[in-house]
Amino acid sequence: MAAEGLAGLLPAQTQLEYALLDADTSQEKENLVYQYLKKMDSRERDLTVPELGGDLQWLNTEGPISLHKDLCGKVVVLDFFTYCCINCLHLLPDLHALEHQFSDKDGLVIVGVHSAKFPNEKVLDNIKSAILRYNIVHPVVNDADATLWHELEVSCWPTLVILGPRGNMLFSLVGEGHREKLFLFTSIALNFYKEKGQIKDNKIGIKLYRDSLPPSPLLFPGKVTVDHSGDRLVIADTGHHRILVARKNGQILHTIGGPNSGRRDGRFSEAAFNSPQGIAIKNDVIYVADTENHLIRKIDLALEMVTTVAGIGIQGVDKEGGAKGEEQPISSPWDVVFGNSISGTQEDDVLWIAMAGTHQIWALMLEDGKLPKGSDLKKGVCLRFAGSGNEENRNNAYPHKAGFAQPSGLSLASEEPWNCLFVADSESSTVRTISLKDGAVKHLVGGERDPLNLFAFGDVDGAGINAKLQHPLGVTWDKKRKLLYVADSYNHKIKVVDPKMKNCATLAGTGEASNVIGSSFTQSTFNEPGGLCVEENGRLMYVADTNNHQIKVLDLETKILSMASNTYLTLPILNPEAGDVPDNLPMQREKMTSLPKLPKSAPNVQLPSLTVAPGQTIHFLLKLTLPPDSKLNEEAPNSWFITAEDNTWLLQGQRLSGEIKDVSCQTFIPFQLPGSCLSAEAILAIKVCLYYCSKGSSACMMKGISFNQPLQIASTNQGSLTQVELIHTF
């Protein structure tokens with residue numbers, strides 16, 4: 001048994017680590033690891049990992065996995081993680097690369113052991129959302145009570161433990177930044193045990209959670225903001241790796257990036273982001289925290305161009321900065337907000353950045369200027385403003401000596417007497433302020449006095465330190481009422497803070513993670529809301545209800561909550577399988593074979609020919625009317641679906657069908673032409689199958705209709721969006 005835990009590995013692995021430091025060549029390093037494995041394998045008694053309990057919940061698998069049965073004959077990498085932890089997120093690209101190089105057939109299996117920090121993270125549905133959000137494709141076990149964590153005496157997130165084919169512990173790697181060692185240790189272990197004939201090539205039963213999900217117009221929207229006029233919303237559609245600009249009435253003005261992750265500047269149609277979060281808009285310019293690309297991007301709506309203004313596309317470890325933005329490495333920027341330098345002549349000449357990856361607040365100089373307690377700075381310079389880089393809840397009159405813990409939300413109150421930045425400091429579960437006069441960092445609500453205690457969380461309304469939050473991700477300032485609103489993400493609530501009295505109270509949400517739009521704020525529910533904003537006149541608040549894949553609207557005057565239904569329903573629906581999943585096409589063929597057949601009496605409506613261009617989006621608006629004194633049979637499979645008999649290339653990556661739940665309102669059916677079209681002419685068929693009953697009898701009917709839409713595909717741009725009405729009375 002592993003009575004010694006990871007401590008049993010320490011003496012031998014420490015010797016190996018020192019020897020590797022002195023090794024000059026790759027061959028020397030490989031030989032050292034090989035000799036280490038010979039020594040570990042010849043021990044009289046293995047350091048074995050105990051079996052995971054049979055009652056634990058598994059994700060991305062066909063069922064529970066036994067470490068000592070199913071994974072016998074495999075080299076296993078156990079990733080002890082918790083989904084809120086930025087360091088754990090930094091490790092995921094290394095694991096993605098490792099499982100791309102070695103499969104279960106090669107003898108490697110990665111298992112995520114989710115060991116929660118916050119109570120909210122123990123809930124299986126929340127872990128499901130996280131593995132989808134972060135594109136985790138290996139098995140994950142919910143070790144909610146941290147049983148294996150305690151058995152092995154794991155002490156921090158993330159920790160990797162590499163096992164041999166007998167469940168024998170070989171190596172451990174604590175923290176992030178060990179990519180070279182991870183690949184070295186894993187590859188040599190695979191070769192070593194293959195030579196001994198102990199590696200098995202059997203497949204592990206993988207069943208990805210993402211494959212069971214329906215498509216969604218928005219996917220984990222992280223942040224939302226509104227322009228000065230209040231007419232335009234900007235949404236970070238994080239899971240679709242894109243930025244959306246929409247009018248309040250729901251009209252989509254711009255779709256920038258998506259649906260795949262990537263890193264590309266250029267025109268809107270070719271630009272690419274990777275899990276963007278924070279956004280700030282002024283006039284026709286938007287700045288974006290392109291989180292997983294470790295970049296700050298600039299979107300010019302007038303020129304329809306995307307450029308990079310800070311970061312080099314690789315996670316930085318520099319905690320000082322000072323270089324020109326495009327030469328300065330940065331780490332997981334999570335939010336951005338405009339502000340003013342203390343000596344500048346222009347408004348909004350600074351972009352403040354919540355640099356979650358280094359636990360700091362940074363500044364990007366948009367013009368020449370000076371920061372509090374700083375020297376004169378040139379336009380384009382990107383540097384640390386506050387935070388030592390240590391993960392702490394430390395307040396200090398000197399900004400560089402203060403400590404933050406994964407700051408994830410920013411808002412500015414430029415007016416007196418505030419003149420400060422508000423910071424949602426997620427891992428300390430606090431809201432903090434940074435004075436823009438002298439840089440002093442102070443506590444506002446949440447947490448506790450010990451700067452090293454990052455476990456002082458809860459859900460308690462109160463004043464100052466007596467108030468408790470749980471991993472807040474967003475803040476927004478209400479100029480009209482002089483109040484601060486907080487997305488208390490893991491409590492699934494929106495809270496309101498009076499900074500003068502330091503009072504914190506629940507404004508909306510019950511604390512339950514669900515999706516209810518109630519008759520009042522306190523009867524409505526959210527699911528890990530990540531961002532929020534208040535329009536300039538103080539009337540409406542918009543909330544990025546992240547795990548509900550929605551933008552919700554709170555009327556702060558009438559206290560009525562609604563879903564931004566127009567915006568939500570008219571967004572182009574992107575099939576998750578059409579994103580980062582390469583083997584999407586067979587699944588589409590399978591769906592096509594299961595589509596219903598229309599009755600022979602179903603009419604065919606021929607629509608006027610439509611001229612479109614590659615990549616263009618068409619919104620079909622379905623408006624159906626039932627006969628008098630009849631009603632839809634809600635228990636029946638009422639649906640729409642799309643076919644293209646001689647042009648199936650049109651259907652790749654599309655959502656091919658959907659439910660019809662209510663004919664009293666129109667149904668939106670989005671369709672996006674492929675970027676590369678195989679023919680200049682095609683015909684789409686949008687078909688409807690309905691079941692309805694006469695109100696006065698038990699008679700029910702099945703009816704259908706087919707709308708045939710001819711397409712003329714031109715090479716020139718016809719506009720980004722076209723709407724077509726599909727109207728029929730049965």
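Me: Hi! How many helices and strands does the protein chain have?
Reply: Hello! The protein chain has eight helices and 45 strands. Keep in mind that this is a predicted model.

Me: Thanks. What radius of gyration does the protein chain have, and what would a compact globule have?
Reply: The protein chain comes out at 27 Å. That agrees with a compact globule of 730 residues, which would have a value near 27 Å. Along the principal axes, the C-alpha atoms fill a box of roughly 80 × 70 × 50 Å.

Me: And what percentage of the residues count as buried?
Reply: 59% of the 730 residues do. The chain exposes about 29700 Å², with carbon and sulfur atoms supplying 49% of that area.

Me: Switching to charges: how many positive and negative side chains are there?
Reply: There are 68 positive and 84 negative ones, and the centres of the two sets are 3 Å apart.

Me: Let's zoom in. Where does Asp488 sit?
Reply: Asp488 belongs to strand β29, which covers residues 483-488.

Me: Is Asp488 buried or exposed?
Reply: Buried, because its relative accessibility is 0%, and the cut-off for buried is under 20%.

Me: Which residues is Asp488 in contact with, leaving aside neighbours within four places in sequence?
Reply: Its contacts are Lys468, Leu469, Gln470, Pro472, Lys493 and Lys495.

Me: How much of residues 521-557 is helix, and how much strand?
Reply: That stretch is 0% helix and 43% strand, and its end C-alpha atoms are 12 Å apart.

How values were computed
Residues are numbered from 1 along each chain as its sequence is written. Side-chain values use heavy atoms; hydrogens and water are left out. Helices (H or I, at least four residues) and strands (E, at least two) are DSSP runs, numbered from the N terminus. The radius of gyration is taken over C-alpha atoms; the globule rule is 2.2 Å times the number of residues to the power 0.38. Buried means under 20% relative accessible area, exposed over 50%, partly exposed in between (1.4 Å probe, protein chains only). Accessible areas come from the Shrake-Rupley method with a 1.4 Å probe; for residues, only the protein chains shown count as cover. Lys and Arg count as positive and Asp and Glu as negative; His and the chain ends are not counted. The place of a charge is taken as NZ of Lys, CZ of Arg, CG of Asp or CD of Glu. Contact means heavy atoms within 4.5 Å.
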